[in-house]
Amino acid sequence: MQTSARPPQSVDILLVEDNPGDVRLIQEALQDGKLLNRIATVSDGQKALAYLRKQGSYTQAPRPDLILLDLNIPRKDGREVLAEIKADPHLRSIPVVIVTSSQAEEDILRSYNTHANCYVTKPVDLEKFVAVVKAIEEFWVTIVKLPPKL
Amino acid sequence: MSMMATRAHEPGLRIKPIVGYGLALAILLATGIFQYKIIGALVETDNWIIHTHEVLAELEGVCSGLQQAEWGTRSYAATGVQDYVIQFSTGIGRADEHLRAARIVTAGNPSQQQNFDRLMQLVTAKRRVMEHLIALRRDQGHTAASEALSNDEGPKLMTDIRALTDEMEGKEKSLLEARQAASRSQAKRADLPILFGTVLALGLTLATSWIAHRDASRWRRAKEPVHNASLHSRSLIETSLDPLVTISRGGQIADVNQATEFVTGVARQQLIGSDFSAYFTEPEEARNVYEQVLARGSVRNHPLVIRDISGKHTDVLYNATVFKSEAGEVEGIFAAARDVTERKRAERALQESEDAFRTLAELVPQLVWVCTHDGLGIYFNQRWVDYTGLTLEESYGRGWYTAFHLDGKQPVLDIWNHTAAIGNTYRLESRLRSSDGHDRWFLTKGVPLTDGAGHVLRWFGTCTDIEDLKRSEEALRIITADLARSNAELEQFAYVASHDLQEPLRMVASFTQLLGQRYKGQLDADADEFIGFAVDGAHRMQALVNDLLSYSRVGARGIELAAVDFEQVLQMVLTNLHVTLEESDGQVTHDPLPTVMGDETQLLQVLQNLVANALKFHGSEPPRVHVSAQEIKGEWRFSVRDNGIGIEPQFAKRIFLVFQRLHSRVEYPGTGLGLAIAKKILERQGGRIWMESEAGKGSTFYFSLPKKGVTSADICKATTIC
């Protein structure tokens with residue numbers, strides 16, 4: 001788990017991603033942003049759910065305002081994690097953005113059916129990738145009114 | 001024959017005419033009596049006519065006598081001459097006389113009698129008037145008489161008398177008319193019965209006479225000498241097609257018919273008196289038969305062979321009986337020989353045909369069988385016996401079914417019953433029980449032999465060993481299934497591989513790009529160039545992996561058939577390609593495009609790949625692309641024509657294969673998968689793709705789609721994933 005220094009108004013983001021390259025790219029993209037967010041990263045599905053439920057080593061973890069979830073992650077994959085979050089009355093109000101390399105229609109449909117808040121395919125091109133991550137930040141952090149912290 | 005017939009007819013001869021004649025006589029008698037009665041009636045009527053005329057005459061006489069008396073009375077009154085008194089007396093006398101006679105003739109008629117009484121009174125009154133006049137003239141003279149005459153009742157009485165007699169006459173006449181009419185109608189009614197009776201009697205008499213005559217002739221004929229009958233028999237004998245011979249006790253031919261001459265080739269004169277056995281191929285056997293006839297009285301259907309003078313043989317069946325004299329002594333035999341050469345020939349031909357069939361049936365590698373119309377086995381060849389281990393006896397009838405009864409199932413019977421019912425060709429693939437326990441697959445086929453009316457006479461059938469064929473089929477089926485599975489696995493592999501390759505590739509591409517961005521100019525020129533190659537390579541590989549993924553997805557994705565409007569599809573293609581269109585200064589025109597059943601997403605990809613290629617491979621001229629479609633033989637044929645660089649004919653097929661490129665990446669970038677993907681999509685939807693081109697003169701790419709849309713079977717064929 002990594003955390004960054006942030007002003008008190010900033011939002012907490014949970015990044016569930018096993019590829020360190022992608023983690024780095026997303027962090028690089030977000031570093032360029034105007035807002036400083038607290039980004040926590042976990043590398044598999046089980047850790048993600050433990051973090052959200054403040055279990056194990058995550059008892060002090062803050063409740064995130066936004067979850068960026070990859071689908072193809074070890075131990076418990078992103079589809080299951082999404083289903084559990086949306087089935088949990090305490091967690092389901094947290095917006096979940098699926099950020100994945102899968103373009104399969106089945107994944108897209110299934111994600112929305114399990115109430116993903118949006119589905120984004122990782123662009124192959126670096127510039128587009130950075131643009132997409134910035135767009136996510138812009139939309140979910142500055143435009144959207146998020147539910148109040150419990 | 002004649003004796004029997006005669007006895008039967010004798011009683012008829014005696015009874016029938018008597019009855020006939022008696023009946024005729026009775027009818028005549030009845031008719032006579034009837035006629036007599038009619039005549040009697042007629043005579044009576046006639047008597048009545050006479051009677052009426054008598055009555056009329058008497059009444060006339062009365063009137064006439066009274067007129068004479070009147071005339072005498074008036075003349076005496078006028079003249080006083082005594083002669084006129086005599087006239088009066090005579091007239092009165094006549095009147096009285098006729099009056100008496102009239103009384104007699106009208107005695108039987110009460111109404112006339114009444115009139116008559118009245119007539120008597122009037123006549124008496126009249127007479128008194130006249131007598132009074134005469135007395136007056138004689139006693140008192142002319143004047144008194146004239147005076148009395150002028151006012152006496154005489155004329156009135158006379159008028160009354162005349163009226164009464166007229167009435168009586170009328171009555172008689174009408175009575176007569178009624179009687180005459182009755183008599184006439186009676187006579188008329190009598191006409192027909194009399195005529196009928198007479199004719200009947202006449203006919204009966206004639207018929208009886210004829211029967212009597214006929215019976216008499218028969219009787220006579222029967223009694224005539226046999227000579228006449230033998231003339232008749234002779235012609236019958238001569239007409240017979242069978243040789244007929246009478247042979248004397250010594251074995252010499254006594255008589256022959258014409259057929260005997262034909263069959264032996266020997267003339268009648270020579271035949272008669274010769275030894276009968278000389279005309280048979282086996283004279284000894286013929287004599288044996290002869291002896292048998294003499295011993296037993298007859299022989300039936302004994303086969304012998306007649307040889308004619310030229311040596312020709314005739315198969316015959318010999319039938320013979322003895323004939324006896326009046327005294328009952330055997331005089332010889334009467335023999336008939338039935339020519340059975342034709343029958344024998346037919347039998348031989350049938351035998352030969354059957355031999356040929358059996359030879360053939362034994363020769364062929366199949367099991368051969370013959371059944372009756374209801375499935376009873378009547379023939380099986382040796383191979384049947386060898387394979388099934390059933391003996392012929394065990395196979396005959398319904399025994400052969402057991403060879404088909406495996407696992408307690410009876411498909412043979414089910415199909416048999418069905419087939420037999422419709423009289424069609426029997427066909428069944430089944431396992432057949434083998435004597436060695438290694439049951440094999442056989443194809444059993446049966447064809448019916450029918451008569452003219454379509455009734456099945458026989459079933460001819462074969463069982464062909466198809467075990468090897470079955471095994472090959474099974475092997476082929478397994479191989480096909482394996483191939484399909486293998487193809488499916490390959491596509492799955494391609495999908496997974498290309499998908500999983502994307503992740504590391506993205507890392508390589510992203511971080512080399514990041515490296516380039518952050519450190520350009522900070523390292524040396526070589527480093528910048530190397531980074532450039534690495535980024536380019538990563539990008540190309542990404543394109544390849546993407547296209548490969550698309551290619552493998554064509555088969556992995558299910559087909560969603562819907563009406564696809566190609567006008568709309570083309571507009572979407574042009575929207576997707578608008579950057580390329582602007583950059584190349586290209587133009588795309590089109591004819592009216594149809595709506596076709598298909599998978600819209602995939603067909604969009606096909607058209608987009610073709611239009612993109614047409615825009616990409618342009619020469620010095622800006623690209624001009626034309627899309628059109630026409631209906632040909634139940635399918636839609638689309639064409640995408642360009643004015644580009646064209647393709648040499650030898651590459652026309654190669655370009656549709658995976659990764660096949662004709663140009664360097666520097667000239668025309670691309671992965672070499674676009675046409676392969678189009679081809680795969682079209683074949684999956686029952687279509688085809690091909691092209692026509694000439695290097696330097698542009699190309700036309702064609703693709704077709706079935707009008708009715710694709711079926712799931714077509715999809716199976718095209719994808720091998722079923």
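The model is predicted: local features need pLDDT of at least 70, side-chain atom pairs count only at pLDDT 80 or more, and totals for chains, interfaces and linings use all residues. Residues are numbered from 1 along each chain as its sequence is written, chains are lettered from A and ligands numbered from 1 in the order in which they are written, and side-chain values use heavy atoms, with hydrogens and water left out.

Chain A holds an open sheet of five strands in the order 2-1-3-4-5, with parallel pairing. Strands (E, at least two residues) and helices (H or I, at least four) are DSSP runs, numbered from the N terminus. Two strands pair if DSSP finds at least two bridges between them. Strand 2 (38-42) and strand 5 (118-121) of chain A are the edge strands. Each has a single partner strand, so one side of each lacks a neighbour in the sheet. From one strand to the next, the twist averages 20 degrees.

Four bridges join strand 4 (residues 96-100) of chain A to strand 5 of chain A in the parallel sense. A:Ile98 has A:Tyr119, in strand 5 of chain A, as its bridge partner. Helix 4 (residues 105-113) of chain A lies across both strand 4 and strand 5 of chain A. This helix runs at about 155 degrees to strand 5 of chain A. Axes are lines fitted to C-alpha atoms, for helices over the stretch in contact (heavy atoms within 4.5 Å). Angles run from 0 to 180 degrees between N-to-C directions.

In chain B, B:Asn257 lies in the loop between strand 2 (253-256) and helix 7 (258-264). B:Asn257 is buried, with a relative accessible area of 0%. Buried means under 20% relative accessible area (1.4 Å probe, protein chains only), exposed over 50%, and partly exposed in between. The side chain of B:Asn257 reaches the backbone oxygen of B:Ile237 at 3.0 Å. Beyond four places in sequence, contacts of B:Asn257 include B:Glu238, B:Asp242 and B:Arg268.

B:Ser693 belongs to strand 16 (residues 688-693) of chain B. B:Ser693 is also buried, at a relative accessible area of 19%. Its side chain reaches the backbone oxygen of B:Gly698 at 3.0 Å. The side chain of B:Ser693 also makes a polar contact with that of B:Ser699 (3.2 Å). A polar contact is a pair of N or O atoms within 3.5 Å; within protein, one must be able to donate a hydrogen and the other to accept it, and residues adjacent in sequence count only if both atoms are side-chain atoms. Residues touched by B:Ser693 include B:Gly646, B:Ile647 and B:Pro649, with residues up to four places away in sequence not counted.
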